[in-house]
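Please read it alongside the sequence and the coordinates.

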Amino acid sequence: MKNVQSHAKDVTAFFLLLAFIFGLAVRLYPLFKTNFPLVDGGMFYSMIMDLRASNFTLPAFTSYNQANIPFAYPPLGFYLAGLLNLLTNISVLDILRWLPVSITVLNIPLFYLLSKNILDSGPKAALATLIFTLTPNSYWWNIVGGGLTRSLGTLLFTATVLCVYQMYRHRSSFWVVAAVFSAAGVVLSHPAWAVQSAVVSVVLWYFFGR
């Protein structure tokens, strides 16, 4: 029995090590090829600067292209970037370059925790995490400049699914509060992830909450 448990731990550690090494590699390598945020993020840059200029009071419109575009996007990512700029004096361009990938890396261990709880197996969860980290759609659109909100939404979506699952399984007030805060964070971060959080929460309720 001890040998089986030891083998399971070794397999889990091996897959997690691979997930960590290769997950970092595929996420960081594109950023080292440029000194500018990847692909997109110009409007988000303007919205962060608009937020700073208004002393973190939400403006009615963004100055992007002087097109009078309503400042109607979920603002949590912009507040986070603006506060980092204020407190650390790191340029907004550098924040748009590095913050999305940092948040995306944080989602790797969180995904493992979610997988381990659902699969009830360390090796299976670690293998699932390895596959997840190497799936391009799990990281590419999150590490570009516009990934500031997508990466935060993805992280909080994973947290919401984990907390809602635990809430239904354990019926504890701690997980209720955690689910409320993580779900609120999703709504304040990204509209598409907010919709998916609601759908997954209903599915979890159907299987575990009744």
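The expected span of a helix is taken here as 1.5 Å times one less than its number of residues, and helices (H or I, at least four residues) and strands (E, at least two) are DSSP runs numbered from the N terminus. This is a predicted model, in which local features need pLDDT of at least 70 and side-chain atom pairs count only at pLDDT 80 or more, while totals for chains, interfaces and linings use all residues. Residues are numbered from 1 along each chain as its sequence is written, and side-chain values use heavy atoms, with hydrogens and water left out.

## The chain as a whole

The chain contains nine helices and two strands, arranged along the sequence in the pattern α-α-β-β-α-α-α-α-α-α-α. Taken along the principal axes, its C-alpha atoms fill a box of roughly 65 × 45 × 30 Å. Of the 210 residues in the chain, 44% are buried, where buried means under 20% relative accessible area, exposed means over 50%, and partly exposed lies in between (1.4 Å probe, protein chains only). A contact requires heavy atoms within 4.5 Å; among contacts between residues at least 6 apart in sequence, 70% join residues at least 24 apart.

An α-helix has 3.6 residues a turn, so residues three or four places apart point the same way.

Just after helix 3, Asn89 adopts a positive phi of about 65°. In the loop between helix 3 and helix 4 lies Ser91, which counts as partly exposed at 32% relative accessibility.

## Helix pairs

The packing geometry uses axes that are lines fitted to C-alpha atoms, for helices over the stretch in contact, with angles that run from 0 to 180 degrees between N-to-C directions.

| Helix pair | Angle between axes | Axis separation |
|---|---|---|
| Helix 2 and helix 3 | about 65° | 9 Å |
| Helix 2 and helix 4 | roughly 125° | within 10 Å |
| Helix 7 and helix 9 (residues 191-209) | about 15° | 10 Å |

Angles under 35 degrees count as roughly parallel, over 145 as roughly antiparallel, 65 to 115 as roughly perpendicular and the rest as oblique. Helix 7 and helix 9 pack at about 15°, which makes helix 7 roughly parallel to helix 9, whereas helix 2 and helix 4 are oblique to each other.

Where helix 2 faces helix 3, Phe44, Met47, Ile48, Leu51 and Arg52 meet Phe78, Tyr79, Ala81, Gly82, Asn85 and Leu86. Towards helix 4, helix 2 presents Tyr45, Ile48 and Met49, which meet Val92, Leu93 and Leu96. The residues of helix 7 that meet helix 9 include Phe157, Val161 and Tyr165, and those on the side of helix 9 include Trp193, Val200 and Trp205.

## Helix 7 and two buried residues

Helix 7 has 24 residues and reaches 34 Å from its first C-alpha to its last, close to the 34 Å expected at 1.5 Å a residue. It is mostly covered, with 21 of its 24 residues buried, and it is followed by Arg171, whose phi is positive, near 55°.

Leu152 belongs to helix 7 and is buried, with a relative accessible area of 9%. Not counting residues up to four places away in sequence, Leu152 touches Leu76, Gly77, Ile103, Gly147 and Ser189. The C-alpha atoms of Leu152 and Leu80 are separated by 10.0 Å, although these residues are 72 residues apart along the chain.

Ser115, in helix 4, counts as buried at 8% relative accessibility. With residues up to four places away in sequence again left out, Ser115 touches Asp120, Ala125, Ala128 and Thr129.
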